[in-house]
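Visitor: I would like to go through this model with you. Could we begin with the terms and then turn to the details?

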Amino acid sequence: MDFPLHFRCPISMELMKDPVTISTGVTYERKNIEKWFYTCKKKTCPATMQVIHSFDMTPNHTLKRLIVAWQNGKSQSNSNTYSMKHDELVALLNTIESSPFKVSSLKKVKSIVELGDHDVKDDFKKCGGVEVLVRIIQQVLIESSDFVTFRACEEALSLLIKLPIVLEEEETIKILLQPGCMKSMAIMLQRGSAEARFCTISIFQRITKSDCQWNVVIEDQGIGFFKSLMEIVSDEICSKASSCALQVLIDILEKSKKSRLKAIEAGAMCTLIEILPDSSKSKSEKIMYLIKMLCECADGRMGFIEHGLGVAAITKKILNISNVGTKIGVKILSLICNSHPTDKVLDDMLMYGAVKKLVALLHIGGSSTTKERVLKILKLHGDKWKRNPCFPSELKNYLGMESDSL
């Protein structure tokens with residue numbers, strides 16, 4: 001509330017539009033004092049608590065003219081301020097383009113954008129600010145070993161994140177999808193500071209949520225890009241960056257089987273299995289969904305089998321986190337069991353309790369698709385499990401009873 005105290009209604013403390021004065025000499029906003037008298041049935045002055053005998057209200061034209069005059073002056077002041085900010089932005093962007101020392105100017109621009117309203121952010125875009133930032137980011141490709149260039153790139157990425165509305169525009173996304181910019185951001189994912197990596201992965205999330213044809217550009221990224229994503233996914237310090245990277249990876253792998261193969265080659269399966277056991281419910285669901293997508297490829301299933309702890313990690317989550325998690329877990333085991341699993345995998349399913357949980361799923365509510373997958377798994381491998389001396393007798397009896405239907 002940056003307006004004068006005597007322009008405020010004593011009841012609402014808001015700027016008055018229709019001021020009226022009552023018999024005690026105090027001025028109020030008309031609708032507020034009428035509500036006080038006629039709706040709340042009060043017979044006192046709200047400010048002085050004097051008893052009111054007459055509810056007459058006199059328009060305070062003088063005060064209204066003062067408020068209007070103040071508002072006009074304020075509007076002119078805002079216009080002058082906007083003009084000054086515009087001139088300052090233009091000057092700073094010109095300095096950034098011409099000077100080799102860009103970081104201090106970028107910080108000043110970031111301060112203006114952070115404190116400014118939507119008009120200031122829009123003005124930054126109209127002044128070609130996004131293009132200036134992209135040129136700074138792309139400079140990393142040419143001078144990747146230069147510390148000053150690297151710091152300027154980090155600062156440019158940090159500034160981009162302060163423009164969420166601009167980042168949602170298709171025009172901005174298309175600029176960011178330029179091959180040079182994408183390669184530069186991939187470098188920042190690998191070598192940037194923790195803050196720069198978070199800013200970069202946040203920008204990638206904006207890109208993957210857009211309607212632009214970004215998947216073609218992502219497919220051209222090398223294995224290093226996916227390795228960097230996995231490093232951020234497994235980051236235990238910055239949970240926001242980790243969660244953001246998980247979502248970006250989901251968006252990418254949903255769109256492209258080629259990217260799934262690159263992720264597998266980058267060691268995604270190993271990383272996902274190792275971080276799954278200690279992950280929260282929501283994070284576990286995302287990780288399991290990623291493992292499921294990777295297991296839809298032969299190389300992914302091989303990676304799951306070769307890890308050794310894949311069955312244990314998935315079994316731990318089935319019936320423990322959510323219906324969604326259980327459904328995905330069964331789908332993963334189904335993909336593995338339907339593709340010539342090794343004896344070790346089948347033994348692990350028995351030893352870690354996967355078989356027991358699968359049988360339990362037949363007795364509880366759940367989707368018919370999930371139960372069909374369970375029955376298929378038991379039909380394929382039930383005989384082998386029943387011959388194992390470690391197989392629980394109650395499950396052996398159950399499978400015996402169900403042998404005809406299986």
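Guide: A charge sits over a ring if NZ of Lys or CZ of Arg is within 6 Å of the ring centre and within 35 degrees of the ring normal. Lys 42 lies over the face of Trp 36 in this way, at 5.7 Å from the ring centre. This is a predicted model, in which local features need pLDDT of at least 70, side-chain atom pairs count only at pLDDT 80 or more, and totals for chains, interfaces and linings use all residues. Residues are numbered from 1 along each chain as its sequence is written, and side-chain values use heavy atoms, with hydrogens and water left out.

Visitor: Which residues of helix H1 are buried?

Guide: In H1 (residues 30-39), they are Asn 32, Ile 33, Trp 36 and Phe 37. Buried means under 20% relative accessible area, exposed over 50%, and partly exposed in between (1.4 Å probe, protein chains only). Helices (H or I, at least four residues) and strands (E, at least two) are DSSP runs, numbered from the N terminus.

Visitor: Where do the buried residues of H1 fall, seen down its axis?

Guide: They fall within an arc of 125°, so they line one face of the helix; the arc is that of the directions from the helix axis to the C-beta atoms. The face turned away from the buried side carries the exposed residues Lys 31, Lys 35 and Thr 39.

Visitor: What covers the buried residues of H1?

Guide: The cover includes strand S1 (19-21) and strand S2 (27-29), contact being heavy atoms within 4.5 Å. Just after H1, Lys 41 takes a positive phi of about 60°.

Visitor: Changing topic, how many aromatic pairs are there?

Guide: The structure holds six. Rings of Phe, Tyr and Trp (its six-membered ring) pair if their centres lie within 6.5 Å; planes under 30 degrees apart count as stacked, over 60 as edge-to-face and the rest as tilted. Phe 204 and Phe 225 have ring centres 5.3 Å apart and planes at 65°, so this pair is edge-to-face.

Visitor: How far apart in sequence are the parts that Phe 204 and Phe 225 tie together?

Guide: Phe 204 lies in helix H10 (residues 194-208) and Phe 225 in helix H12 (residues 223-233), so the pair joins parts 21 residues apart in sequence. Both Phe 204 and Phe 225 are buried.

Visitor: And Thr 370, buried or exposed?

Guide: Thr 370 has 8% relative accessibility, so it counts as buried. Thr 370 lies in helix H22 (residues 368-387). Apart from neighbours within four places in sequence, Thr 370 is in contact with Lys 327 and Val 330.
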